Amino acid sequence: MKLNKKTISVDILTANFNNENYLDDFFNSIYQSTVWPKRIIFVDDKSTDQSLATVERWVSKLPQIIIVKLAKNIGFANALNEGCKFIISEFVVRIDPDDILGFNRLEKQFDFISNHDTDVLGSNVSYFLDDDHKEINYSKFPLTHSDILSRYHEGNHGVCHGAVIFRRSCLEAESYRQEYVPAEEYDIFSRLLKRGFKFRNLEESLTQVRIHSGSVSNNMPYTTIEKTFKLRYLIWGRKTNRYIIIKEYLVRNCYRKYLFTKGMKRYLFLMIASMFKPKAVIRRFLK
């Protein structure tokens, strides 16, 4: 039964590969949203599980779902670019299909970006473990454009890719680049900032990010850090020596282990991260 909900000028864009186990949670969170998007652009990157069967079950409840079935696996960034071809709304919400949309995220982000000089609006997120759905931590992204810009100059992230709403003009100006996956979000946000697009974050956590064995949040290989700092040089002209890159790799992975490991062992990872980069860890806890 279709609910009588307000539809706003927002398209949700998501790219899927073998997320069958999480899609019911994903679509249910959109179904329960206080407002509905005009379109849900679901790009399936040639999944080998039952993802397509699951999404097709949801079309009766969410008829605004547009299923883009790719003939072959082309990669995450390319899949998002394919989805961009189906955007019709003024605003685009990004979320990954293994995550959960906050019930008021669409409404809050749409209201804010519609009434402020902002082109990319993020928010904080909460993290939960896949096995027990227990919330284990939350992000603390900077709120202002200048602070977000400083993070990208440093080679860090200032917004969460799966928690942003864009003006459509952003994705018309810049597209995703597959060669920089899994650092594609640092890449596209840096290029948008370089062009002068305005960024903000809402302080509230409006998306739940699932932590599981295959999630990007749980795994950050050295090549990701290496690509990020290569992009820092290509986009911002700021070189980073290899010692700093190795240190960043150790800090970021130890900090993730602290966030997502259970028991007292997690504090060992925090101590190691603090040894390599004390100011960054202290900043995380004081804000």
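Which residues have the most contacts inside the largest nonpolar core? In this predicted model, local features need pLDDT of at least 70 and side-chain atom pairs count only at pLDDT 80 or more, while totals for chains, interfaces and linings use all residues. Residues are numbered from 1 along each chain as its sequence is written, and side-chain values use heavy atoms, with hydrogens and water left out.

The largest nonpolar core holds 33 residues, and those with the most contacts inside it are Val 120, Tyr 152, Phe 166, Leu 171, Phe 189, Leu 192 and Phe 199. A nonpolar core here is a set of buried Ala, Val, Leu, Ile, Met, Phe, Trp, Tyr and Cys residues joined through side-chain atoms within 4.5 Å; buried means under 20% relative accessible area, exposed over 50%, and partly exposed in between (1.4 Å probe, protein chains only). Two or more residues each come from β1 (7–16), β2 (36–44), α3 (76–84), α5 (145–154), α6 (168–173), α7 (184–195) and α8 (222–236). Helices (H or I, at least four residues) and strands (E, at least two) are DSSP runs, numbered from the N terminus.

Now for helix α1 (residues 23–31), where Ser 29 sits. Ser 29 counts as buried, at 7% relative accessibility. Not counting residues up to four places away in sequence, Ser 29 touches Ile 100 and Leu 101. Asn 78 is 49 residues from Ser 29 along the chain, and their C-alpha atoms are 26 Å apart.

What about the cysteines? A search of the whole structure turns up zero disulfides, a disulfide being a pair of cysteine sulfur atoms within 2.5 Å. For Cys 160, the closest cysteine sulfur belongs to Cys 170 and is 16 Å away, so it is too far for a bond. Cys 160 is buried at 15% relative accessibility, and Cys 254 is buried too, with a relative accessible area of 11%.

Together, Leu 268, Met 271, Met 275 and Phe 276 make a nonpolar surface patch of about 400 Å². Patches are made of residues with over 30% relative accessible area and no salt bridge, with nonpolar side chains (Val, Leu, Ile, Met, Phe, Trp, Tyr) joined within 5 Å and like charges within 9 Å. A salt bridge is a side-chain nitrogen of Lys or Arg within 4 Å of a carboxyl oxygen of Asp or Glu. Accessible areas come from the Shrake-Rupley method with a 1.4 Å probe, and for residues only the protein chains shown count as cover.

Definitions and conventions
Contact = heavy atoms within 4.5 Å.
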